[in-house]
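The following exercises ask the reader to examine a structure step by step. Each task is followed by a worked solution.

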Amino acid sequence: MLRKTLLAGAVAAAMVASAAHAETLRWTRSADGLTLDPHSQNEGPTHALNHQIFDTLVYQDMDVEYQPGLATEWYVHEDDPHVWVFKIREGVTFHEGQALTADDVVFSLNRARHENADMRGLLTSIKEVRAADDTTVHVETHDPNPLLPNNFTNLFIMSRAWAEEHGVEEPQNYAAGEETYAVRNANGTGPFRVVSREPDVRTVLERNDDYWGIDHYPMEISELIFTPIESAATRVAALLSGEVDLLQETPVQDIERLGNAPGLKNEQGAENRTIFLGMDLGSAELRTADTDDNPFADRRVREAIDLAVDQSTIQVAVMRGNSQPAGMIAPPFVNGYSEELDAVLPADIGRAQELMAEAGYGDGFRVTLQCPNDRYVNDEQICQAVVSMLARIGITVDLVAQTRSLHFAELAREEYDFYMLGWGVPTMDSEYVFNYLYHTKAGDRGSWNFTGYSDERVDELTVAMGQETDIEARNAMIEEAWQIVHDEIVYIPIHHQMLTWSMRDDIDFKVQSENTPHFKYLKFND
Amino acid sequence: MSQDVQRTDASPVAAKPPGALRTFLASDIVYSWKRQPVVILATLVTLTMFAGALFAPWIAPQNPFDPIELELIDAFSPPLTTSDFTGNFYLLGSDSQGRDVFSAILYGSRISLLVGFAAVLFALALGTALGLMAGFRGGWRDALIMRIADVQLTFPSILMALLIFGVIRGFLPRSMHAEVAIIVLIVAIGLSDWVQYARAVRGATMVEKGKEYVQAARVIGLPDHRILFQHILPNVMRPVLVIGTIGLALAIIAEATLSFLGVGMPATQPSLGTLIRVGQDYMFSGEWWILLFPGVALLLLALSVNLLGDWLRDVLNPKLR
């Protein structure tokens with residue numbers, strides 16, 4: 001008996017000891033990264049996965065504070081306000097052994113400015129990137145850009161030698177469905193290296209023991225297994241049964257249950273993401289509508305839709321309180337946020353019907369609404385609710401809800417009349433929103449503006465925001481631009497998302513409002 | 001003698017229907033039906049569900065396909081509750097969109113049955129026509145049709161249905177997808193299921209065409225199509241009808257599977273499969289009624305139709321009698 005106890009004790013002790021060295025974390029969320037090519041797509045789950053494998057010059061830690069990554073310091077050049085200087089960390093190696101040099105940084109920044117790269121929208125202010133010496137990079141902008149480093153938080157650094165060896169000097173053309181070596185293989189400098197990857201099924205990463213920050217961060221996870229699970233119920237069942245350890249997007253209906261489950265806990269916080277509906281208001285005729293003109297082009301129709309969509313009921317019934325109804329596409333912690341503009345119009349079906357009649361659509365019209373069904377919290381449910389709300393003002397909405405890889409690819413090909421999209425502001429500044437969502441779709445700017453909206457003054461202000469160094473004047477521009485797009489009702493905002501991550505209760509990890517976990521910070525409580 | 005006279009005197013028009021009914025009631029089929037309580041129960045369930053589906057617009061308190069009638073504020077009402085906001089009564093509760101689950105089941109089984117019947121008819125017509133041709137004509141037509149059938153049999157029919165569904169949708173403009181979803185479903189399930197009818201009909205046709213009555217018809221110079229449709233077809237239909245009854249249950253399940261996988265009926269016009277797909281998200285959160293009731297409805301429908309089909313096969317098969 002005693003021997004048995006001793007033996008059990010020894011086994012337990014051995015297990016604890018080995019656990020400290022080899023901890024596997026099994027991570028799940030609804031969606032996989034679209035690609036491992038770090039510059040091809042500017043999209044949340046894609047960046048979240050790539051942040052484990054690659055590093056950026058600057059990144060936002062778990063409290064969304066800016067922290068040095070591969071750059072140890074950065075400042076505006078003493079002699080020239082057009083130039084930002086980045087000091088590159090020394091002694092960093094890529095997973096396959098290449099040493100990181102300033103040249104790799106120059107290569108990566110230029111690669112991200114290629115026309116295939118979705119990341120280029122963040123880099124429009126850049127004129128030239130050059131290596132001043134082996135550890136210094138100079139980024140010259142067209143005009144002084146005080147916020148440039150904020151645009152680098154999802155800009156991953158690749159190895160030039162590796163890219164040339166595998167013929168991936170150019171980013172993958174995602175919209176065209178291109179497949180390159182960089183889509184399934186990655187060679188970063190990050191805390192984890194790729195062991196195996198099956199897209200949409202399972203990605204296995206292992207700790208990079210040569211990581212430059214190995215002593216600086218907890219780095220307690222030795223093996224990170226990422227299994228995206230689309231179905232909400234399956235995802236929750238996986239956590240309840242111990243099949244996974246951390247669930248990134250807890251379905252709102254299961255928050256209570258998981259919080260009460262023994263051995264599990266929830267971590268919650270506001271997310272930097274606003275959900276909204278976009279309409280093609282620029283085309284002469286809609287693709288899916290039964291009219292031979294474009295009803296969305298009429299501001300009265302857009303106002304009627306805004307009045308018919310009842311954000312408060314969506315918050316109560318669909319989100320169970322886990323959202324904040326929105327009037328603008330920027331959450332409260334973003335520079336330029338205005339409580340007044342973010343206020344939600346109370347639903348008013350009577351007024352909305354009047355507006356529809358005034359616009360000449362008293363009998364309504366028919367149109368197709370496109371939604372993802374695995375990207376945002378309750379995305380399909382929200383769209384269904386919108387269908388029923390718009391039916392009350394005579395708009396017959398056919399709903400197509402599909403997986404996000406199809407949704408975003410078709411959206412990017414400008415095939416949609418009416419769609420759902422969510423937008424986060426990683427730079428914490430309104431300029432980012434105007435640059436991607438409101439500026440006329442042309443060149444590097446307005447790349448996610450699928451509405452056809454084009455306003456000269458907004459374009460002017462958007463460009464000026466990127467150059468103005470006087471903070472007060474700049475904020476006045478932001479305010480003016482928000483007022484214009486708010487009055488024009490370019491989009492129909494729904495709400496700002498709230499985030500819930502559920503995990504084993506021995507895990508010490510807080511939610512990050514970008515919804516980007518940095519697993520190098522994760523700790524296990526003993 | 002006098003009895004004979006009486007019989008001939010009785011009006012044949014008045015006497016025939018009770019006679020036919022009496023013959024039917026005295027038949028083996030009815031005898032077998034009466035002796036099997038399970039079959040009686042299956043018949044009752046099937047008839048109830050058919051009636052519920054048929055008269056759904058008059059029975060259901062809400063039209064779940066009309067978005068105007070959904071009250072989002074009433075979402076997740078438990079069964080047997082009356083809403084504080086709208087005063088609506090929810091017999092089996094409401095789902096995440098405020099859709100009355102009872103109404104949704106009635107309308108959903110309507111779609112399930114419609115798709116089931118139409119898909120079976122489509123498969124039956126196609127399979128019978130091809131089977132007749134293959135069996136009667138033989139030669140390269142037979143070889144071609146039966147090889148296609150063999151190849152198709154190697155794939156699970158749900159996989160075929162998924163493939164056909166995807167291909168048809170690819171050819172249609174997006175704006176038509178929601179409107180024609182039901183037709184696409186019928187064609188996809190029908191096309192994935194014609195093989196067994198074709199094989200049964202071909203076999204039976206090959207047997208029949210060697211029989212004397214067919215040879216006699218040939219000798220008096222009847223054209224092929226008349227021999228096929230008036231003489232052979234009635235004699236090969238019995239196995240086909242039996243396969244069809246069992247096929248109905250399979251088609252209902254195929255429709256539910258496709259909708260469950262998210263490629264069938266859209267969530268705005270839910271069939272039973274769609275309701276189950278939507279409901280499974282609430283399995284752990286306490287709103288059990290959204291999943292349970294549609295699931296039970298599908299189970300009852302498929303099970304009772306299947307039991308009836310099995311029973312009919314046994315009764316009609318002389319070898320098993």
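**Exercise 1.** Which residues does A297(B) touch, not counting residues up to four places away in sequence?

*Solution.* The model examined here is predicted: local features need pLDDT of at least 70, side-chain atom pairs count only at pLDDT 80 or more, and totals for chains, interfaces and linings use all residues. Residues are numbered from 1 along each chain as its sequence is written, while chains are lettered from A and ligands numbered from 1 in the order in which they are written.

Step 1. Two residues are in contact if their C-beta atoms, placed from the backbone, lie within 7 Å. With residues up to four places away in sequence left out, A297(B) touches I105(B), S109(B) and L272(B).

Step 2. A297(B) belongs to helix α14 (residues 289–316) of chain B. Helices (H or I, at least four residues) and strands (E, at least two) are DSSP runs, numbered from the N terminus.

Step 3. A residue is buried if 20 or more other C-beta atoms lie within 10 Å of its own, exposed if 12 or fewer, and partly exposed in between, with C-beta atoms placed from the backbone. A297(B) has 24 other C-beta atoms within 10 Å and is therefore buried.

Step 4. A distance of 9.2 Å separates the C-alpha atoms of A297(B) and L106(B), which are 191 residues apart along the chain.

**Exercise 2.** Determine the order of the strands in the open sheet of chain A that contains β4, and state which strands stand at the edges.

*Solution.* Step 1. The sheet has 4 strands in the order β4-β5-β7-β6 (chain A), with antiparallel pairing. Two strands pair if DSSP finds at least two bridges between them.

Step 1. β4 (71–76) and β6 (126–133) of chain A each have a single partner strand, so one side of each is left without a neighbour in the sheet. On average, neighbouring strands of this sheet are turned by 20° against each other, direction ignored.

Step 2. The antiparallel strands β4(A) and β5(A) are joined by 5 bridges, and they form a hairpin with 6 residues between them. Within this pair, V76(A) has W84(A) in β5(A) as its bridge partner.

Step 3. β6(A) pairs with β7 (residues 136–141) of chain A in the antiparallel sense over 6 bridges. Here E128(A) stands opposite E140(A) in β7(A).

Step 4. Helix α3 (residues 102–111) of chain A packs on the sheet and touches β5 (83–88), β6 and β7 of chain A. The direction of α3 makes about 170° with that of β6(A); axes are lines fitted to C-alpha atoms, for helices over the stretch in contact, and angles run from 0 to 180 degrees between N-to-C directions.

**Exercise 3.** Describe chain A as a whole and its division into domains.

*Solution.* Step 1. Chain A has 16 helices and 19 strands, and 53% of its 526 residues count as buried.

Step 1. The radius of gyration is taken over C-alpha atoms, and the globule rule is 2.2 Å times the number of residues to the power 0.38. For 526 residues, a compact globule would have a value near 24 Å; chain A has 24 Å, which agrees.

Step 2. The division gives domain 1 (3–238 + 505–524) and domain 2 (271–497); such bounds come from an automatic or database domain assignment. The C-alpha centres of these two domains of chain A lie 31 Å apart, and 23 residues of domain 1 are in contact with 23 residues of domain 2.

**Exercise 4.** How many residues of chain A are in contact with chain B, and which element gives the most?

*Solution.* Step 1. The contact involves 26 residues of chain A and 21 residues of chain B.

Step 1. On the side of chain A that touches chain B, two or more residues each come from α6 (232–240), α9 (311–318), α12 (379–391) and β15 (395–402) of chain A. α12(A) gives the most, with 7 residues.
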